[in-house]
Amino acid sequence: MFFILSKVLLFLVQPLNWVFGILVYALWTKIPVRRKKALWSALLLMFLLNNHFLFNLVVNWWEPETIRADQIRQPYDVGILLGGYSNFFIEPSSDRHNFNERGARLFQTIDLYKQGKIKKILLTGGSGRLLTREHSEATMIVPFLERLGIPKEDLIVEPNSRNTRENALFSKAILDSIPGAQSCLLITSAWHLPRGQGCFRKVGLDCTPYAVDSLSERYRLAAESILVPDRLGFYHWDILAREWVGYIMYKINGYI
């Protein structure tokens, strides 16, 4: 029930739906004053949601600063990579592994492994879809990693988790059964780390957080950043709004 409810809530908090709802109200209402206020409200909301400078202020506040690769002196026994970096709908797919915008999660993990910063990679993530569970991301990425020269014995696969809570639970169960898996590096998107690290701590797995795939940038007091609408504004706010809802829901349920 929690899984279904969370998916419904994620749909409702999409910023584009807020603007759409206000515009529908403007078309529906018969009172001219209310219609005018609704249209102005939609216009203002669109400007705010597509203002890159405003978004960057907020996301810089939200994303935590973590350890950098050059600060890792002793290699971690395991790098735990949270899933969500694949796109299983892109064709062709039979001869390749297709990635979405979260691909940096995987690529940075590979880089850490190649640099000797982590000894093994724990791939955690099954299918996060509501109605179907045909793809296990952690399982399907293994051939790709082997083609890049990472031996199978250095890959630990957790193929069943559907969300961050299960990532933590199932990963801990696996690591508890592996001798020598003492130090862990938790690798995920910077904007997802507060919830991710909270889940792993809650189940008793204390990992060093490692942020990748950041949405934040250096502050730029430039006209194009402040005045020109950002074409990715709705998309970026959608990511952040969904993450905030997920964080609140996990907090309410005691997952973090």
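These legends describe close-up views of one predicted model.

Residues are numbered from 1 along each chain as its sequence is written. Because the model is predicted, local features need pLDDT of at least 70 and side-chain atom pairs count only at pLDDT 80 or more, while totals for chains, interfaces and linings use all residues, and side-chain values use heavy atoms, without hydrogens or water.

**View 1**
Helices (H or I, at least four residues) and strands (E, at least two) are DSSP runs, numbered from the N terminus. Along the principal axes, the C-alpha atoms fill a box of roughly 70 × 45 × 40 Å. Of the 256 residues, 46% are buried. Buried means under 20% relative accessible area; exposed means over 50%, with partly exposed in between (1.4 Å probe, protein chains only). Take the contacts between residues at least 6 apart in sequence: 72% of them join residues at least 24 apart. A contact means heavy atoms within 4.5 Å.

**View 2. An open sheet of 5 strands runs in the order β3-β2-β1-β4-β5.**
The pairing is parallel. Strands count as paired if DSSP finds at least two bridges between them. β3 (155-158) and β5 (208-212) are the edge strands, each pairing on one side only. Neighbouring strands are turned by 25° against each other on average, direction ignored. β1 (residues 76-82) pairs with β2 (residues 118-124) over 6 bridges. β1 also pairs with β4, over 4 bridges. β4 and β5 share 5 bridges.

**View 3. Strand β4 is largely enclosed by the rest of the structure, so 6 of its 6 residues are buried.**
I80 has L186 as its bridge partner in β4. L185 stands opposite T208 in β5.

**View 4. V78 sits in strand β1.**
V78 is buried, with a relative accessible area of 2%. Its bridge partner in β2 is K120. Leaving out residues up to four places away in sequence, V78 touches I118, K120, L122, I156, L175, A181, S183, C184 and L185. One of these, A181, is 103 residues away along the chain, yet the two C-alpha atoms are separated by 6.5 Å.

**View 5. Helix α8 (residues 164-176) packs on the sheet.**
α8 touches β1, β2, β3 and β4 (184-189). The direction of α8 makes about 130° with that of β3. Axes are lines fitted to C-alpha atoms, for helices over the stretch in contact; angles run from 0 to 180 degrees between N-to-C directions. The helix has 13 residues and reaches 18 Å from its first C-alpha to its last, close to the 18 Å expected at 1.5 Å a residue. That expected span is 1.5 Å times one less than the number of residues. Which residues of α8 are buried? They are T164, E166, N167, A168, S171 and L175. These buried residues pack against β1, β2, β3, β4, α9 and α11.

**View 6. Helix α9 (residues 193-202) also packs on the sheet.**
α9 touches β1, β4 and β5. The direction of α9 makes about 145° with that of β4. Q197 lies in this helix. Is Q197 buried or exposed? Q197 is buried, with a relative accessible area of 15%. Q197 touches L186, C207 and P209, not counting residues up to four places away in sequence.

**View 7. Helices α3 (residues 32-49) and α11 (residues 233-252) pack at an angle of about 80°.**
Their axes are 8 Å apart. The two helices are therefore roughly perpendicular to each other. Angles under 35 degrees count as roughly parallel, over 145 as roughly antiparallel, 65 to 115 as roughly perpendicular and the rest as oblique. M46, L48 and L49 in α3 meet G233, F234 and W237 in α11. By class, this contact has 5 nonpolar, 1 polar and no charged residues. Ala, Val, Leu, Ile, Met, Phe, Trp, Tyr, Cys and Pro count as nonpolar; Asp, Glu, Lys and Arg count as charged; the others, Gly among them, count as polar.

P92 lies in the loop between β1 and α5 (104-114). D213 belongs to the loop between β5 and α10 (223-226). D213 is buried, with a relative accessible area of 14%.
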